[in-house]
Amino acid sequence: MWEALKAWIRDRRVPTDAGAEGERRAARFLQNERQFRIVARNWRNPRDRRDEIDLVGLDGDILVFVEVKARSIDALVPGYFAVNDKKKKILRRACKAYLKSLHPRPRTFRFDIVEIGHGAPGGPQVLHFENVPLFAKHDLP
């Protein structure tokens with residue numbers, strides 16, 4: 001019975017390359033449509049490899065941390081809402097570690113979410129949410 005359940009779950013998972021393809025699409029969108037300069041992809045905290053930032057880019061002189069969520073357009077939970085409190089806590093830790101690694105540290109930074117919606121007529125749909133709240137004023141690194 002366990003083997004049948006494992007097979008059922010395995011068959012319904014999103015292919016592992018869907019996330020990587022979503023990140024490539026998001027990076028292209030940000031570079032071509034928003035004139036970002038991508039400075040890091042899949043950056044991991046050297047002290048805790050579980051902490052990852054999908055994309056780090058520059059929007060002019062603003063450092064932008066980007067979380068990419070690839071979903072079917074019919075998904076019950078859109079990508080924006082999939083970045084819940086638990087995920088934000090992990091992202092805060094990763095962003096703080098990234099900022100500590102920079103000398104000099106940028107004066108301005110923000111957090112964006114890019115949602116890639118697969119299954120839309122005419123190709124994937126890209127939604128860009130800018131300046132999503134991640135840091136509280138008292139929590140700035």
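Of the 141 residues in the chain, 37% are buried (under 20% relative accessible area; exposed is over 50% and partly exposed lies in between, with a 1.4 Å probe and protein chains only). The model is predicted, so local features need pLDDT of at least 70 and side-chain atom pairs count only at pLDDT 80 or more, while totals for chains, interfaces and linings use all residues. Residues are numbered from 1 along each chain as its sequence is written, and side-chain values use heavy atoms, with hydrogens and water left out.

The mean pLDDT of the chain is 87 (the predictor's confidence in each residue, from 0 to 100). A score of at least 70 is reached by 86% of the residues. Confidence is highest in strand β1 (residues 37-45), at a mean of 96. It is lowest in helix α1 (residues 2-12), at 60. Over residues 11-15, pLDDT stays under 50. The model has zero contacts beyond four places in sequence for these residues (contact means heavy atoms within 4.5 Å).

Four helices and five strands make up the chain's elements (DSSP runs numbered from the N terminus: helices are H or I, at least four residues; strands are E, at least two). Their order from the N terminus is α-α-β-β-β-α-α-β-β. Among contacts with a separation of 6 or more, 55% join residues 24 or more positions apart.

Asn45 is part of strand β1. Asn45 counts as buried because its relative accessibility is 9%. A polar atom of the Asn45 side chain lies 2.9 Å from the backbone nitrogen of Arg47. Leaving aside residues up to four places away in sequence, Asn45 touches Asp51 and Ala97.

Technical notes. Polar contact = N/O pair within 3.5 Å; in protein donor to acceptor, adjacent residues only side chain to side chain.
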